[in-house]
Amino acid sequence: MVKFHSSSFVVFGVGVVLLLILLFIHVIQGQVGLDIATIITAIFSPNDSTAHNIVRYVRLPRSSIAVLVGVALGIAGVLLQTVTRNSLASPATLGINAGAYLAVTTTVIFAPGIFAWSPVMVAFVGGLLAALLVYAIASAVKVTPIRLTLAGVAVSLALAAFTAALLLFYENETTGLFLWGAGSLVQTDWSGTIYAAPRVLIGVVLALLLAKPLDVLLLGDEVGRSLGSRVQLTRFISTLIAVFLASVAVSVVGPIGFVGLVAPHLVRLMGCRKHQLLLPGAALWGAVVLVGADIVAQQVTTNLSELPAGSVTALIGAPFLIWLARSSERMGTEKALRGSLHVDSRRLAYPVVLWGAILLLLIVLVMGLSFGDIEFSFGQIVNTFRDGGTALSERVLFNLRLPRLLVAVLAGAALAVSGLLLQGVVRNPLAGPEIVGITSGAGFGALLVLVLLPNAPIEALPVASFVGAFAAFGVVYLASWQGGISPARLALVGIAVSAFCSAGINLLVVIAKLQVAQALIWLAGSTYARQWDELWRLMALPLVLLPLAWLLGRWLDLMALGEDLPRTLGIRLQQARGILIAIAVSLAAAAVSTVGTISFVGLIAPHAARLLVGHRHRQLVPITALLGAILVTLADTVGRVALAPKEIPSGLVTALIGTPYFLWLLLPKRID
């Protein structure tokens, strides 16, 4: 028998009343103004008028799908948090949403028959594989909340890159998936509700049947077994139900983040701990959160574009995640990450690696100069550089290809070393400019200027992105500060700020309607049409900061040995971390302000360098810079010639090149 306390009445009494009020507002609001009498008549005595059809086939289905998806994500969040004993677990943070989205996109393109047969099964398989991959990566040594969350975010980034590539390459086959991929609740009939309702109901019933075993699971494996509970079976079935519910949500409205994270915590904060109350409570408040978010989304929706509800849930959920990171004591210790940077290296003679990387960069540069709409032989390139060549070769090589290749070299080196410094300071191999909010902050800053100051000169764009990167990381740093900077907390707050900025970008796109096409191309990460003046602007910071990073490499070597040794040697640890982070942010901001948000370079180049030369940072900085330069330069060439005359953004190519390597790198054998 479940005992109802005052907290239970708050959860369910207030929750039900609030949900009814929000549903009422949800049905009333819209671009077509309808009074209450029309809505009531449309429900109980409908006719074929336009107003009644809007109520019956647009607004009510939208409200009902919001409730169903909120219920599904709330239950899934509780199950995942209990099974992993991780307060940060949710379908979004464990990669389930991203895996399901990739599976849906893949089958829509290559096997539409399978998708039409069972969308939820397609999403379920994708979500389950992604969750297994995240858990395999996180459990390489020991599963901790921050490791599991960072692994989930990294896998989500990788899978999102593949999805973006598919959407670009198969634009005609995936029409409509862009908006759906951001989590849109738009409905035009009852088919989504009819499809999702029985599946969500089955998942909810099965989860409620597991309420008592889940309570036992929280006592620990040994206690659970002593009480006769089949711990592993409970964990296995609960995970399957959670992935299934999340997959149902993805299959009907796309991936929506943070609801599965926020709803369970709200119910716990109101005092419900037992799963017999926690599960229905999270379902109820999941619906409240999502319906409320969609009401906000519709307030900024225009005739030309729709703000997905998923963007609003990110705006709400990101501050909540920051609060969780600050309130959790377990993730505040550096021991949680100690040793995580150790990678099995195949030490080669350093001069061999250095000169080999320089030679490889030169080869890639020559390839970049040679290939394109007009091809040049090696002899023609040498003659052009030595004697001037023809007017055509001079114009193509000097004015078109060389400046953009040099921009790619500098941007790649800056991003790669930025990632190396961040990984060293945060002491986590999954850290990078993308993880700690720098790239999304830069993108948000640039887009803000485009929307608020549409007549601003083009030079304002890099300045705005630079300011945005520093502002985002400033927020991350201040929000992470609790008598010092915890690397784990820093990374987690960075994820939240990054999600917030990404949601802000979506919001600005809707507000600005279709006037930001230029910004969207830039945000994809492109070296297209970069000229000498952009190279000169980019050059200043890397030329100063890359040598400085090399000089300060000794600090990172000492930090890798723990906190006591650097202090013993007179290094002010917090001050040193601040300096290194400032260099990292400056390098990434300089690159992003010129070439946009190119991902994965700062994540994988440091790993590749460690594999080649070990862990001494004065050796790592040059090798990492060279590898980053090679990757982005190669991406520029491939993106320019692969589907010519259509240009693929360099950021997408780096993701396609880097993702398989990154996932292979993160297999258990690779990280100690």
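R404 is buried, and D636 is buried as well, where buried stands for under 20% relative accessible area, exposed for over 50% and partly exposed for the range in between (1.4 Å probe, protein chains only). The side chains of R404 and D636 meet in a salt bridge at 2.7 Å, N to O, a term that requires a side-chain nitrogen of Lys or Arg within 4 Å of a carboxyl oxygen of Asp or Glu. Because R404 belongs to helix α18 (residues 391-426) and D636 to helix α28 (residues 617-641), the pair ties together parts that are 232 residues apart in sequence. Helices (H or I, at least four residues) and strands (E, at least two) are DSSP runs, numbered from the N terminus.

This is a predicted model, in which local features need pLDDT of at least 70 and side-chain atom pairs count only at pLDDT 80 or more, while totals for chains, interfaces and linings use all residues. Residues are numbered from 1 along each chain as its sequence is written, and side-chain values use heavy atoms, with hydrogens and water left out.

By the rule given above, the count comes to three salt bridges, and the table sets them out.

| Salt bridge | Distance, N to O |
|---|---|
| R404 and D636 | 2.7 Å |
| D294 and R62 | 2.7 Å |
| D636 and R640 | 3.8 Å |

D636 and R640 are four residues apart in helix α28, and therefore about one helical turn separates them. Both D636 and R640 are buried, and salt bridges with shared partners join R404, D636 and R640 into one network. In the salt bridge between D294 and R62, the pair links distant parts of the chain, with D294 in helix α14 (residues 275-299) and R62 in helix α3 (residues 50-84), 232 residues apart. D294 and R62 are both buried.

Taken as a whole, the chain has 29 helices and zero strands, and buried residues make up 58% of its 672 residues. Among the contacts in the chain with a separation of 6 or more, 79% come from residues 24 or more positions apart, a contact being heavy atoms within 4.5 Å. The chain exposes about 27,200 Å², of which carbon and sulfur atoms supply 69%; such accessible areas come from the Shrake-Rupley method with a 1.4 Å probe, and for residues only the protein chains shown count as cover.

S498, which is found in helix α21 (residues 487-511), counts as buried because its relative accessible area is 12%. Its side chain makes a polar contact of 3.1 Å with the side chain of S440, meaning a pair of N or O atoms within 3.5 Å, where within protein one must be able to donate a hydrogen and the other to accept it, and where residues adjacent in sequence count only if both atoms are side-chain atoms. Leaving aside neighbours within four places in sequence, S498 is in contact with E434, I435, G437 and S440.

Helix α12 (residues 231-253) has 23 residues and reaches 33 Å from its first C-alpha to its last, close to the expected 33 Å, a span given by 1.5 Å times one less than the number of residues. This helix, α12, is mostly covered, with 17 of its 23 residues buried, and just after α12 G254 takes a positive phi of about 90°.

On the surface, V17, I21, F24, I25, I36, I40, I43 and F44 form a nonpolar patch with about 760 Å² of accessible area together. The elements that give two or more residues to this nonpolar patch are α1 (6-28) and α2 (36-44). Patches are made of residues with over 30% relative accessible area and no salt bridge, like charges being joined within 9 Å and nonpolar side chains (Val, Leu, Ile, Met, Phe, Trp, Tyr) within 5 Å. I21 has its place in helix α1, and I21 counts as partly exposed because its relative accessibility is 45%.
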